[in-house]
Amino acid sequence: MSNLKPNPAKNQLLIRDSKINEYFQSESMVFLESQPSIVKNLWEELNYLRNRPLSKQKAQKMTQIDRPVASFSKPERLREGMGTEITLIFRSSACSWAASKSGGCTMCGYWNDRADKSISGQNFWNQFQQTITKYENLLEDSSQSIVFKMFTSGSFCDPKELDLEIQLKILRKLSTFTSVKEIVIESRPEYVQEKLLKQYEEILTNQYLEIGIGLESRSNYVRNNIINKGFSWDQFVKATNRLHQYGFGVKAYLIFKPPFLPEYAAMTDLFNSIRACVKLGADTISINPTNIQQHTICEVLHSRNQYRSPWLFSLLWVIKNGFSQEELQSIRLICDPSAAGKDRGVHNFDPYHPSNEYCLKILEKFVHTQDLSEIPEHFPEKWWIAYRSELLTQKK
Ligand code: SF4
């Protein structure tokens, strides 16, 4: 890990250097990819952590299989401007990847929200119906522009998690609402297959479908050795091309600062990942600064004082330098960090520091407008100097 320590000379360059884009591009992830596997028995530890709380969850979850984990509505940026988001988080059995011997991804705690027995197609349908009823007025109002997001804490397209028949029934129902302009679901790339997309295409004649894929990083090393994701960049590229072939979009989820990467390396990784996704033609890029979820490797490291969530200054800085305004005409950038400003989420200094609110307001305004000038070139000097000096010494 010694190569990953912050390098003062590099960090000097990081501060307001107009040539920083070129610097980041030439500074590839080669140094990371040449590292040996960091944690040998990662999946064993992960499985242990995940299985530990099961007995406590059993009774509670068993009674709730016809109710989603959550559903909510809020303003959101659609492709054609501002509109409304309706989000439905299904209660599902589990992500197949997390349930497999792989143990799942090192920062993912979605496993905690699963039901402890298999969920039938009817249960999914009941959860969906409940959400449709809750937001009936919005959905029936044809003057609305709605993006309907459905998350299964796994892969919507995986027939082992969600019967194909129910996948199609849900999409068919959504296609009847003229207010719904966009539908967003998530899947690992191996389930995004032509045969399935053809069936989706026959139903969704008027709506734009976007599938979010947790690419996390352009680097195969970071994705597979650090995050334990289990798929390659090539698989992501193939899934993207398939989606585009059917007129659908791809949303690339990029993680900011997975465990084992110090701040500077994480900034480099995010920057390189953004550039690769822009070049590939991703339709939306969603940046997810790591938040510390229960029963994950991240939580273990955090409890041992070996992991800190990323800084808001770093996040804004990479966004400002990772895109050009011209690119944001055709790519939508989303960033709605969980636990933002708190110890378990992206934050500056400490959770009560005023720079948190300052940066979060800037981030929100930028996401809504997609205007890079909302992110200042210069942050208040006092904060910036303190941040820089922390970054130079920070090793977690
Ligand atoms: S991040 Fe996605 S693929 Fe990884 S364990 Fe969580 S739900 Fe599964």
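**Packing of two helix pairs**

In this predicted model, the axes of helix 9 (residues 164–174) and helix 10 (residues 194–203) come within 9 Å and cross at roughly 25 degrees. Helix 9 is therefore roughly parallel to helix 10 (angles under 35 degrees count as roughly parallel). Axes are lines fitted to C-alpha atoms, for helices over the stretch in contact, and angles run from 0 to 180 degrees between N-to-C directions. Helices are DSSP runs (H or I, at least four residues) numbered from the N terminus. Residues are numbered from 1 along each chain as its sequence is written. As the model is predicted, local features need pLDDT of at least 70 and side-chain atom pairs count only at pLDDT 80 or more, while totals for chains, interfaces and linings use all residues.

The crossing of helix 9 with helix 10 is right-handed (the near helix is turned clockwise from the far one by less than a right angle). Leu-168, Leu-171 and Arg-172 of helix 9 make the contact with Gln-199, Tyr-200 and Ile-203 of helix 10 (C-beta atoms, placed from the backbone, within 7 Å). This contact comprises four nonpolar residues, one polar and one charged. Ala, Val, Leu, Ile, Met, Phe, Trp, Tyr, Cys and Pro count as nonpolar, Asp, Glu, Lys and Arg as charged, and the others, Gly among them, as polar.

For helix 15 (residues 312–322) and helix 16 (residues 354–369), the axes come within 10 Å and cross at roughly 25 degrees. Helix 15 is thus roughly parallel to helix 16, and their crossing is left-handed. Leu-312, Phe-313 and Leu-316 of helix 15 meet Asn-356, Cys-359, Leu-360, Ile-362 and Leu-363 of helix 16. Seven residues of this contact are nonpolar, one is polar and none is charged.

Note on methods:
Parallel < 35°, antiparallel > 145°, perpendicular 65-115°, else oblique. Contact = placed C-beta atoms within 7 Å.
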